[in-house]
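Hi there,

Here is the structure I promised to pass on. Have a look, and then read on for what turned up.

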Amino acid sequence: MSSLPIEQGEQLRVGTVDFVSPNEIRAVLDIDSPDSVALNAGTPRNFPRVNSYVLVSCDNGYLVGQIEWLAVERSPYPKQRDIQDFGLVNLPFPQKKISLNPVGTLKRVSKKGIDSYKFQRGSESFPTIGSAILLPTDFQLKSIVESGNNRRVIIGQSPLANNANVAVDPDRLFGRHIAVLGNTGSGKSCSVAGLIQWSLEAAMESDNKPNARFIVLDPNGEYSRALGPSTKFKGRVFKVEAGDDESQLQVPSWFWNSAEWASFTQASPKAQLPLLKRSLRAMRNEEFELNVNLDLEIKKYLGTVLVSLRAEKSKGAAALNGFPGAKNLLSKIDAWRKSLEEYQANLTDPYPDLDQLIVDIQNYCNQRSGQYPNFNATVAEINILINGILRSFHSFGGNEDELLPKSEDIPVPFEGDNLVSYLEALAKENGSEQYVEYLVARIRTMLSDTRMKSITNDTEQRVDLSEWLESYVGNDGTGDENSCVSIIDLSLVPNEITHLVTAVISRIIFESLQRYRRLNNKSLPTVLVAEEAHTFIKRYRDDSENQDVAAVCCQVFEKIAREGRKFGLGMVISSQRPSELSPTVLSQCNTFLLHRISNDRDQEQVHKMVPDNLRGLLRELPSLPSQHAILMGWASELPVLVKMKNLTKEQQPHSDDPDFWDVWTRKDADENVVERNVDWEQVVREWQQR
């Protein structure tokens, strides 16, 4: 092949532009252009082919076009160039046409005397009528597909680009959420497992152990085989009935916030919800009884007095000097003294700090008594009283963090039985027992249900929140036993609390990463993988007054989708029904890996998420073979058809299709015996014991 650019361009020319618009370019192929296999690009290559790439000459390099459709148009005259003998009889001749979607620009660059090409999205200028359509060389084709910076993770090859490697930047892939969509059997679960495995393998190539965190919400128990303890990734598995090398799934009820409690108990917003929130607030602040013991009552009273006196001091001269501020302050302090003396008389144990406080208050009041008293106070005098109150507050076990009451949503441990008892006592005090009867019954059922007890109740082995986060999210990755993957097996979680458990786990992880960034001013990169996401992220009605558990669960993921990137939490959404997913979550996904999608409603939903000029590419979705997908969005410089890398049987999730024929005939393709022995008594015993 000639090395001269002009001659090389002529050899690669296959057609001419005859229509230009911002989102479509049409061209007429030359009569002598390749019909099925092109040899003029250096190696045999299929041409023309839908969704393959061609180049269009333009001002600042080449415009890269993706073939959307091919057509043949009957023409009365041949369009072959260099035919000058018009004395010939012209017969009708077919004219080949193609339509191109402009996807970017390929420019020639030179670094250290070496020429190369650089692809970038968008175009500064468009070609004109008569511009040449060129077949890209292998080097140009690789420059298009293998474009982009930090291409650290190879996920497959492009069959339309001479099997060039398709690689992605993990920061782009996971940082702005990715949706993996496709029908059952299209290779969707293998792609999700592969993205995790290939990313960790690429990170393991460095000398240091990866400091990565992948949390997989696994509703069908598929990922233990691919990422579990027996693999090189040594993933931690949390499930209801934990076996060897597995951990018991624990999401205690004190993890739940008020919205999750309200959705699970179906508390009515007018009568039941205020009582439920008040009871939860009491649990968080350790007010387990309506009639508390005397020491606890004195501690709370001292805390109230301390907050009140500090507020008076902050008002300055208006409260400490003049009339009526100073006199009103004296009246308050004297009333506090009388209450403290009553408490003191009922105490059985001595409290010297309280005795001294009463003496100090008495001295303060005595100095402002008499015929012509001076009610004014100095800051130093008020500080003496504040310090005395603070010492007494500490002597009764008080802590300054307790001065402001904790919210009902703070994850502070409490016993579920205490919540029920307090709620019943509170309803009795307010005369509303009939309104909370169903609410109390539902909570009691949850606490006593043996199917839920192992998950929601931690009375036998108290769960520590910091240890829980270290187990489920992971630490800094320095320990020998530490894993980068946590698999939360939800397959045996009762249906009544599946959404609730998923919502609580996701919310706790998100809020912990929020607080990590606030304390460290840096984010902790973490990836949350939602397999069968249409189960957890199902669209709901916004106008519903009583939000059910599924709606609350979806709202958690919507919040993560909107705000997770800022706190280092990326999401991988895997689903076979994109039409059932929350539009909010899908709209926040910036990268899409699309496998075969046959359902028309699901195809319509996918079409809404991509630009108009790329919809031709999506027409191939119903016919994509297994293991093939279309990668498009933020993680890819251009939309590309990918054949995903192969995974061995051991690396694949356990999502195989049932072997009906092998079981029917009692042997497999290799003539091995296949047996399915059934013991229904064993199944029933296990069923009825739960």
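In which loop does Lys-566 lie? Lys-566 sits between helix 18 (549-563) and strand 18 (569-575), in the loop that links these two elements. Please keep in mind that this is a predicted model.

On the surface, Lys-566 gathers with Arg-176, Arg-517 and Arg-565 in a patch of positive charge. Lys-566 counts as partly exposed because its relative accessibility is 44%, and that class covers values between the 20% limit for buried and the 50% limit for exposed.

Strand 18 leads on to the sheet. This is an open sheet of twelve strands with mixed pairing, and the order is 11-10-21-20-19-12-18-17-13-16-14-15. At its edges are strand 11 (164-168) and strand 15 (247-248), each of which pairs on one side only. Within the sheet, strand 18 runs parallel to strand 17 (residues 526-530), and five bridges join the two. In this pair, Thr-526 stands opposite Leu-569 of strand 18. As you know, strands of a sheet pair through backbone hydrogen bonds, parallel or antiparallel.

Asp-464 is found in the loop between helix 15 (450-456) and helix 16 (465-472). Is Asp-464 buried, exposed or partly exposed? Its relative accessibility is 35%, so Asp-464 counts as partly exposed.

Key
Residues are numbered from 1 along each chain as its sequence is written. This is a predicted model: local features need pLDDT of at least 70, side-chain atom pairs count only at pLDDT 80 or more; totals for chains, interfaces and linings use all residues. Side-chain values use heavy atoms; hydrogens and water are left out. Patches are made of residues with over 30% relative accessible area and no salt bridge: like charges are joined within 9 Å, nonpolar side chains (Val, Leu, Ile, Met, Phe, Trp, Tyr) within 5 Å. Accessible areas come from the Shrake-Rupley method with a 1.4 Å probe; for residues, only the protein chains shown count as cover. A salt bridge is a side-chain nitrogen of Lys or Arg within 4 Å of a carboxyl oxygen of Asp or Glu. Lys and Arg count as positive and Asp and Glu as negative; His and the chain ends are not counted. The place of a charge is taken as NZ of Lys, CZ of Arg, CG of Asp or CD of Glu. Helices (H or I, at least four residues) and strands (E, at least two) are DSSP runs, numbered from the N terminus. Buried means under 20% relative accessible area, exposed over 50%, partly exposed in between (1.4 Å probe, protein chains only). Two strands pair if DSSP finds at least two bridges between them.
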